[in-house]
Amino acid sequence: MLERIRRWRRERILGQVAIDPATWAHLMAELAVFAGLDANERGRLRDLASLFLYEKRVEPLEGLVLDDAMRAGLAAFACLPVLNLGLEAYRGWHTVLVYPGGFLARHAYTDEHGLAHEEARPLAGEAWEGGPVVLSWDDVESSLALDGYNVVLHEFCHKLDMSNGEANGMPPLPQHMSREAWTAAFTAAYEALCRDIDAGQEGVLDVYAAESPAEFFAVACESFFERPLALKLGMPAVYEQLRQYFRQDPGWRMGALA
Ligand SMILES: [Zn+2]
């Protein structure tokens, strides 16, 4: 009964707010990260993106104007990771703040001597535990190529990681997955990446991934969706864990296009 009410409500909302079909078709054709999704997946992603824009408040700041197509593009990127997880994976927070460009974020932190500091540095994106996702639109626009850099995927994957507490590189795993297998795969790959960087070698992931296990997870997710074949080749165990977690196989769908 509850499920039927939920479905009815969802259909009713979609009837009112669904993203315009022509706008959606254009996005799917223009943005390479969606290549390989079949018609069913594109339809489900459109529903999710439409509901995302209905449920979350996307707030442009400092004079930025976001038209319907820009909002739809942002929502499409944000919903790709949850295509098979559902919008419930983003529950508990409501706002996406969008600056025109890199924004200065003030952070208080305590160093190893117990001294409190505050610093301000320009950021492309930020995800707050239980709070908003903050993005720079310049950086969203720099995320269109399939180069393993996508600030929207990065920040929203931090949000998934944070849905069971502080970001630590492990989102809440479904029952069929093993926490031990996840930890083993990610720890080995993280340590190998740090060793490569120390040795001056280029790794599979951007050096930023070596900042912390949480950043490693977010950067690995960017590659999972944008350069899946490279990730699968370079870090097969990490790829396999992400494939099971997201219940998607971008390597398969992008490989089929080649
Ligand atoms: Zn990050």
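Strands β2 (residues 95–99) and β6 (residues 133–136) run parallel and are joined by four bridges. Within this pair, L97 has V134 of β6 as its bridge partner. Strands here are DSSP runs of E with at least two residues, helices are runs of H or I with at least four residues, and both are numbered from the N terminus. Two strands are said to pair if DSSP finds at least two bridges between them. This is a predicted model, in which local features need pLDDT of at least 70 and side-chain atom pairs count only at pLDDT 80 or more, while totals for chains, interfaces and linings use all residues. Residues are numbered from 1 along each chain as its sequence is written, and side-chain values use heavy atoms, with hydrogens and water left out.

Both strands belong to an open sheet of four strands, ordered β1-β2-β6-β5, with mixed pairing. At its edges are β1 (57–60) and β5 (125–127), each of which pairs on one side only. From one strand to the next, the twist averages 15°. Helix α6 (residues 151–161) packs on this sheet and touches β2, β5 and β6. The direction of α6 makes about 170° with that of β6. Contact means heavy atoms within 4.5 Å; axes are lines fitted to C-alpha atoms, for helices over the stretch in contact, and angles run from 0 to 180 degrees between N-to-C directions.

A second pair of strands is worth a look. Here β3 (residues 103–110) and β4 (residues 116–123) run antiparallel, joined by eight bridges. A108 has E118 in β4 as its bridge partner. Five residues lie between the strands of this hairpin, where G114 takes a positive phi near 85°.

Which residues coordinate the zinc ion? They are H154 and H158, each through NE2, and E215 through OE atoms, at 2.1 to 2.7 Å. Donors are N, O and S atoms within 2.8 Å of the metal (3.2 Å for Na, K and Ca); water is not among the atoms, so sites may look incomplete. Along the chain the donors follow the spacing H-x3-H-x56-E. H154 lies in helix α6 and E215 in helix α8 (residues 213–226), so this pair ties together parts that are 61 residues apart in sequence. Why is the arrangement of the four donor atoms irregular? Because they subtend angles of 53 to 145° around the zinc ion. For comparison, four donors count as tetrahedral if all angles lie between 85 and 135 degrees; four count as square planar and six as octahedral if opposite donors are over 155 degrees apart and all others between 65 and 115; anything else is irregular.

Next comes the question of burial. Buried means under 20% relative accessible area, exposed over 50%, and partly exposed in between (1.4 Å probe, protein chains only).

| Residue | Relative accessible area | Class |
|---|---|---|
| H154 | 6% | buried |
| E215 | 14% | buried |
| A49 | 0% | buried |
| S136 | 0% | buried |
| E62 | 64% | exposed |
| V65 | 63% | exposed |

A49 has its place in helix α3 (residues 39–55). Leaving aside neighbours within four places in sequence, A49 is in contact with I19, W24, A75, A76 and C79. From A49 to F77 the C-alpha atoms are 8.5 Å apart, although 28 residues separate the two in sequence. S136 is part of strand β6. Not counting residues up to four places away, S136 touches Y99, P100, G101, G102, F103, L123 and A124.

The loop between β1 and α4 (68–79) holds E62. V65 is in the loop between β1 and α4 too. V65 and Y99 are 34 residues apart in sequence and 9.9 Å apart in space, C-alpha to C-alpha. Most residues other than glycine have a negative phi. E62, which is not a glycine, has a positive phi near 50°.

R247 is another non-glycine residue with a positive phi, of about 55°, and sits in the loop between α10 (236–246) and α11 (250–255). In α10, the buried residues are V238, Y239, Q241, L242, Y245 and F246. They cover an arc of only 165° around the axis, which puts them on the same side of α10; the arc is that of the directions from the helix axis to the C-beta atoms. Their cover includes α6, α7 (179–198), α8, α9 (228–234) and α11.
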